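The following exercises are to be worked with the sequence and the model at hand. Each task is followed by a solution in steps.

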Amino acid sequence: KMAAAAGAAAAAGLWSEVNRCGQNGDFARALKSVNKILQINKDDVTALQCKVVCLIQNGNFKEALGIINTHTKVLTSDVIAFEKAYCEYRLNRIESALKTIQSASQQTDKLKELYGQVLYRLERYDDCLAAYRDLIRNSQDEYEEERKTNLSAVVAAQSTWEKVVPEDLGLREATYELCYNSACALIGQGKLNEAMKKLQKAEELCRQSLSEDSDVTEEDIEAELAIIHGQMAYIMQLQGRTEDALQLYNQIIKLKPTDVGLLAVIANNIITINKDQNVFDSKKKVKLTNAEGVEHKLSKKQLQAIEFNKALLAMYTNQADQCRKLSASLQSQSPEHLLPVLIQAAQLCREKQHAKAVGLLQDFADQHPANAAEIKLTMAQLKIAQGSVTKACMILRSIEELQHKPGMVSALVTMYSHEEDIDSAIEVFTQAIQWYQQHQASQTRGPKSPVHLSLIREAANFKLKHGRKKEAISDLEELWKQNPKDVHTLAQLISAYSLVDPEKAKVLSKHLPSSDTMSLKVDVDALENSHGATYVRKKAAKLTGDNQQKEQGQGEVKKKKKKKKGKLPKNYDPKVTPDPERWLPMRERSYYRGRKKGKKKDQVGKGTQGSTTTGSELDASRTASSPPTSPRPGSGAAVSAASNVIPPRHQKPAGAPATKKKQQQKKKKGAKGGW
């Protein structure tokens with residue numbers, strides 16, 4: 001009995017210590033006291049609960065969950081449901097946390113708060129919105145502002161990821177968190193300028209709020225503002241201000257924020273700006289997207305976008321195997337998504353396997369008819385790149401939902417015209433016009449739509465351009481029927497009938513307006529003062545005084561320019577008739593007999609430099625007029641003319657220095673040798 005009494009007294013002392021440490025927030029010391037209590041009674045429910053709470057407060061969620069799971073008989077779901085669900089939530093076991101909350105017999109306020117957080121992480125935004133509305137309606141405590149912030153975050157997520165138009169919750173944007181969430185909702189709606197103003201207001205409120213605390217440094221404020229600045233940079237990027245966005249992104253990275261999710265998003269956005277340029281920077285940035293815990297910080301669509309960009313980066317850096325691996329993994333996760341198969345096709349095209357790429361796209365289009373339109377457009381582009389325009393047209397015409405669209409009709413007509421297949425081009429027009437006729441007949445019997453009339457007019461113009469006037473007549477009659485006052489259409493119709501049925505053309509010509517009704521009221525003064533008459537007016541202003549009188553008297557007499565007499569040859573003889581073949585080359589003239597063979601014109605320069613031809617002597621009298629050469633240094637001044645003769649082909653022009661030419665020749669030879 002004395003031992004039991006002593007144990008009870010010790011336990012009471014330990015409980016007092018636990019209570020005191022809990023009030024002081026010293027959970028590490030409280031845990032030691034709880035462990036001592038459990039040594040006395042290992043199945044003490046209160047002690048086990050306290051131990052779990054202490055471990056949670058110290059961040060040891062895994063150990064706390066282990067204790068809950070090993071003492072299930074004592075710690076039932078009714079007793080410790082919140083603690084168990086919270087540990088699972090913090091360990092990113094979100095599905096398990098949801099099951100724990102739903103299995104609890106009593107839904108306490110704490111469980112409802114956690115339920116809202118779990119639904120947000122599971123991206124079940126509609127259920128989450130309802131949960132927070134219920135909490136705000138039925139709760140009155142100091143955490144109302146936090147609940148409103150969470151509610152605005154749900155609305156922003158709906159606007160961003162589900163493209164739901166957010167309803168006005170009537171929340172007073174008194175905190176920077178509420179302003180930030182409101183800005184995110186506006187970005188989801190595409191209202192970028194309004195979103196930027198909200199972010200600027202959020203930045204101002206954040207600075208005011210944090211500057212009131214004397215312990216907060218400027219670095220702490222900048223770290224808190226990082227997420228706001230990141231969203232500002234994102235808006236700049238969407239607006240096309242990529243340089244400003246890139247600068248702001250890099251400033252945030254230099255701050256080294258602790259939020260791995262923020263860093264991953266910024267790194268991904270920088271990679272999208274770089275595209276296929278600056279790939280080394282992109283390879284550095286992609287490491288930030290692989291940080292531990294990123295997958296728990298971002299939404300599914302954000303993570304998917306990052307994986308897509310990783311695959312594209314692998315393609316741009318010629319890592320074909322890595323690109324195929326990533327795109328195949330993405331396709332297995334989202335079989336109906338377009339991007340993975342488009343990336344695979346792009347990689348095959350880079351490897352010059354166009355046929356295989358088209359086959360891959362065709363298989364996807366067959367398996368997913370809902371997404372076939374975009375895939376077939378890509379297939380047509382590949383066919384055009386290969387030069388198979390007709391096959392590309394066949395693929396485009398197989399997209400039924402786009403056949404009648406003006407853009408598709410225009411593209412097909414242009415391509416068929418390029419291939420000179422006018423019949424197929426006219427068939428495209430006919431099918432599109434028929435679609436609008438059937439569509440309009442099923443809805444209303446009123447006048448034809450502007451798009452329908454525009455297609456008829458384009459078809460008529462196309463047929464007229466290519467000489468199909470008989471086929472154009474029906475289209476023109478339809479247009480004139482819709483608008484009998486259209487003179488242009490009537491004129492086209494008369495022109496077409498004039499070649500087919502002249503009598504009909506005469507009858508229709510009576511509907512043309514008379515010349516009196518077509519007279520134009522022209523303001524002459526306004527026409528002269530217009531921009532086009534400026535040059536004429538300036539020239540007219542120069543005619544003053546005598547010149548003006550002269551112009552009035554002589555009328556439109558222009559001054560003739562004197563022609564210069566052509567120069568005649570020096571040996572021109574006016575008594576001799578010029579050779580009629582003088583303009584032809586000598587070889588093409590009728591009297592040309594060719595050069596005489598057998599006579600050697602000159603005997604000089606046939607041998608080596610400076611030597612004379614064998615068997616003949618040079619005549620000094622024939623070279624007396626040759627320019628003399630300077631004697632070499634040390635040689636006699638009196639040298640016979642015959643010994644100083646230079647062959648004509650080796651002679652230098654008079655006055656040209658010999659040494660300069662030799663130096664140039666040396667330089668030229670040196671250049672050839674690679675000096």
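**Exercise 1.** Which residues does Ser299 touch, not counting residues up to four places away in sequence?

*Solution.* This is a predicted model, in which local features need pLDDT of at least 70, side-chain atom pairs count only at pLDDT 80 or more, and totals for chains, interfaces and linings use all residues. Residues are numbered from 1 along each chain as its sequence is written, and side-chain values use heavy atoms, with hydrogens and water left out.

Step 1: search for contacts (heavy atoms within 4.5 Å). Ser299 touches Glu123 and Trp161, residues up to four places away being left out.
Step 2: check accessibility, where buried means under 20% relative accessible area, exposed over 50% and partly exposed in between (1.4 Å probe, protein chains only). Ser299 counts as buried because its relative accessibility is 9%.

**Exercise 2.** Describe the surroundings of Asn274.

*Solution.* Step 1: Asn274 belongs to helix α14 (residues 260-274).
Step 1: with a relative accessible area of 9%, Asn274 is buried.
Step 2: apart from neighbours within four places in sequence, Asn274 is in contact with Asp281 and Ser282.

**Exercise 3.** How many aromatic pairs does the model have? Characterise two of them.

*Solution.* Step 1: apply the rule that rings of Phe, Tyr and Trp (its six-membered ring) pair if their centres lie within 6.5 Å; planes under 30 degrees apart count as stacked, over 60 as edge-to-face and the rest as tilted. The count comes to four aromatic pairs.
Step 1: one of them is stacked, namely Phe82 with Tyr86, at 6.0 Å centre to centre and 20° between the planes.
Step 2: both residues lie in helix α5 (residues 77-90), four residues apart, about one turn of the helix. Phe82 is partly exposed at 22%, and Tyr86 is partly exposed at 23%.
Step 3: Phe429 and Phe462 form a tilted pair, 5.8 Å centre to centre with 50° between the planes. Phe429 lies in helix α24 (residues 422-443) and Phe462 in helix α25 (residues 450-465), so this pair ties together parts 33 residues apart in sequence.
Step 4: Phe429 is buried at 6%, and Phe462 is buried at 10%.
Step 5: ring pairs also link Phe61, Phe82 and Tyr86 into a cluster.

**Exercise 4.** Which residues of helix α6 are buried, and against which helices do they pack?

*Solution.* Step 1: in α6 (residues 94-103), the buried residues are Ile94, Ala97, Leu98, Thr100 and Ile101.
Step 1: they line one face of the helix, because down the axis of α6 they fall within an arc of 165°, taken from the directions from the helix axis to the C-beta atoms.
Step 2: these buried residues pack against α5 and α7 (109-121).

**Exercise 5.** Where does pLDDT stay under 50?

*Solution.* Step 1: pLDDT is the predictor's confidence in each residue, from 0 to 100. The chain mean is 78, and 78% of its residues reach 70 or more.
Step 1: pLDDT stays under 50 over residues 537-543, with five contacts beyond four places in sequence, and over residues 610-675, with 22 such contacts.

Technical notes: Helices (H or I, at least four residues) and strands (E, at least two) are DSSP runs, numbered from the N terminus.
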